[in-house]
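Let's take a friendly look at how protein chains can meet. Keep the picture beside you as you read.

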Amino acid sequence: MTRHLFDFHGGIHPSERKDISRYKPIRTIPIPDRLILPLQQHKGHPAVPCVKKRDYVLKGQLIAEPKDMVSVGLNAPTSGTILSIDNHLVPHPSGLSDLCIIIEPDHRDKWCQLTPCDNYQELSPEEIRSRIRYAGIVGMGGAGFPTEIKLHPPKASKVNTLIINGAECEPYITADDLLMRERAEEVIQGIEMMSWLLQPTECLLAVENNKPEAIKALSSAAKYTRIEIIPIPVKYPSGSEKQLIKILTGKEVPVGKIPANIGILCQNVATAAAVYHAIRLGMPLISRITTLTGDAIEQPGNYDVLLGTPIPFLLESAGYQAQHVDRLIMGGSMTGFTLHNANVPIVKNTHCLIAASRNELPLPPQPQACIRCGMCAEVCPSELLPQQLYWFARSQEFEKAEQHHLFDCIECGACSWVCPSAIPLVQYYRFSKGQIRQQKENKRKSDQARQRFEFRQYRQARNTLEKEQRRKARAETAAQAKQQSIRKKNIEAPKSKTENK
Amino acid sequence: MALLTLTSPHTYGNNQTRTIMLTVILATLPGLVAQTLFFGWGNLINTILAVIVALLSEAIILKLRGRNPIPNLKDYSAALTGVLLGLALPSLVPWWVTLVATSFAIIFAKQLYGGLGFNPFNPAMAGYALVLVSFPLAMTTNWAVPMGIGTHTLSFSEAFRHIFGFHITQVDGFTMATPLDVYKHQVSTHTAQEILKNPIFGSWIAVGWEWVNLGFLLGGLFLLYKKVFTWHTPFGYLISLSFLSLMFGANADLHTPISLNLLAGGTMLGAFFIATDPVTSATSNKGKLIYGAGIGTLIYIIRTWGSYPDAVAFAVLLMNFAASFIDIYTQPRTYGHIKPKSRQHKAESK
């Protein structure tokens, strides 16, 4: 039964370059001698450490607790001692540091007490969600949104369609491909658990049709389930949530709303596998599959790495050729960011590392003038006018950029890819968004300052008025008292005069 | 290890501005070949002259602006302007007309606005309009006689010498008015049948001109296939021109018929090479349709009720004024947004 598929506007077909890494099975690497775990590897409030320096922890033990509703926990990837809880460089485009728990493994890899569950249907939905939260599970496709919150949509939004995203549309990345091929059972069972929680009418697993082996493996694993495996045509960015929803259902997520508002929920395949591990086996999220690729790696492929593994260690294990590398990218070639300093750890949403020479990823050509050809608008999946956004960003007319729906830009990079004048368009949009946010923040602060100032004026005026009133009252009482005493004196004084005579 | 810090995306497609410009120049070849076959070497000589003048003026101005001329010349946009002017100007026009038109186009209509991408007016058409208005005699008496009509078509050296101001011995007329010009001026006093007896109209539509226009149409279709531009502008242009020609010009005794409007004069050159200039046309697809339709309408109006027989240049320049305005009102719908029904919705969403 083939499902009718729709198409989204635009999209591009960059060269996939997945052959570098898709022909080898998933490999593991030894345990490094340091694990660096940032407390913030997800959207929402950072986790709060519940261990101290010099504590001994077991594999899988909770070392940081979630705080507030939108948060997840953090678990020790292996047994060892807490070396410190300190600032360390974290993988972020800014290159800044953040608070991390640093563990020194003892290489005994001893698990803590696990609570597996043979039949998840015996647990209550709250119990399942709590396990997911404390297992530290976040969206593994890159967004890092706490999965527990996503699986708990507001009562008003009943989920009719559960979409599992196995598209992996970005060039170079093959992590999900290998996961679906080698661990299809885990993925399918994880989806079943999520499906049981949400009770959707239909459950769709979308895979781009450049992954025939994965489709075959998933189809046989899902044979006796209600999950439909749906091959979709190869186009970048089909794996973007909004675009995937359009492809599978023809519906669009309204601006300012989330997919749950139209009865749809999306999860990544790796998230589903992590849910399986957490509920069925009781194992929290402590490792993930990362694609290591690029021509400066001797043994490219997919590696199952412990979270917190320092990247230099991982690169060495895969035969890193430092003399050839020109660019180290965390992420895919369309949306990944460059690492200036490789001394950062693998985190929950590190799905790919590209170590490329200048040959493989040449320097960007010199940008030329915009000739207004309109190719950017033809490929934009959000149906924006990138050309106009570019001109507004250049002339710093941020209001007009916002009116042209700048914040609907998903920063996929299709416009920059297609531009014949090699203009780095996405850079301009990021700059504009940053400026607008800064302006709004400044305005909010100055509004607040103005309010406080006005209140201060009012308060001071009120105080002066009260003081004045009190002073008047005092003056009156004083005047009255004086009058009384004068009267008394007058009555007494004549008496004394007559006495003296 | 010194690692580069760059922003995404990290790979690029194969599109290049210079490739687009070269493809457009290539696509003019069928039309240029037709022009040379039917009207002699004048167009080719003027085209080469215009390209040289364009490159030189751009290099000089870029130097004055403190920019390095070589990378900018390499995007072939100046060369393209030169080619378009060479094709649009009458084939035997003197060298100084070409010089003035091309240098004005590059210096004033392009570089003084900031160079490639910053000009609001189509440079080639600005240059053409300037010389049409300033040197009306030179621009109307230098259209070559098509081959097969006159007694003698100029050879290469004769054409060269005429263009560069040297006297040639041939006394017989080697220039005549264009078909559109002839029809326009005679339609008020003659019937269609009488006018069409003029040998310039030949057995089909207009000797030579029909093939030139078909050549440019072929080039335009090639560019559409290569996705250099979308179909919206040429479609709007041709449809509106055809529609008006049929509505008003159905009676060939009163107005120029549709066949002449479409296949005589600079119509096809305008449709596929001038109106589609991306820098000066509208941005969104709907805007391009309106822009193209506007040009077609203005061409018809000026040709029929104005004083110029071939009005492509003025129509394009007038619509260039309107392009930004069209853009404001033809913003496409963005993903997730409902279509704004009216300005009220826009005011509410502000």
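On the side of chain B that touches chain A, the residues divide into 14 nonpolar, 17 polar and 6 charged.

Charged side chains also reach across: the interface of chain B and chain A has 2 salt bridges. To see a salt bridge for yourself, find Arg333(B) and Glu252(A), whose side chains meet at 2.8 Å, N to O.

## The size of the interface

How many residues does the contact take from chain B and from chain A? Chain B gives 37 residues and chain A gives 61 residues.

The size of an interface is often given as the accessible area lost when the parts come together. Here, the area buried between chain B and chain A is about 4400 Å², and carbon and sulfur atoms give 56% of that area. Three residues to look for are Leu3(B), His10(B) and Tyr335(B): they supply 19% of the area that chain B buries against chain A, more than any other three residues.

## Rings to look for

Now turn to the aromatic rings. Over all chains, the structure holds 21 aromatic pairs. Ring pairs also build a cluster, which links Tyr390(A), Trp391(A) and Tyr428(A) with Phe118(B).

The charged end of Lys235(A) sits over the ring of Phe8(A), 4.3 Å from the ring's centre.

## How confident is the prediction?

The model scores ipTM 0.84 and pTM 0.86. Chain B has a mean pLDDT of 86, and 93% of its residues reach 70 or more.

Key
Residues numbered from 1 in each chain as written. Chains lettered and ligands numbered in written order. Predicted model: local features only at pLDDT ≥ 70, side-chain atom pairs only at ≥ 80, totals over all residues. Heavy atoms only, no water. Contact = heavy atoms within 4.5 Å. Buried area = accessible area lost by both parts, 1.4 Å probe. Salt bridge = Lys/Arg side-chain N within 4 Å of Asp/Glu carboxyl O. Nonpolar A, V, L, I, M, F, W, Y, C, P; charged D, E, K, R; others polar. Phe/Tyr/Trp six-rings, centres within 6.5 Å; stacked < 30°, edge-to-face > 60°. Lys NZ or Arg CZ within 6 Å of the ring centre and 35° of its normal. pLDDT = per-residue confidence, 0-100.
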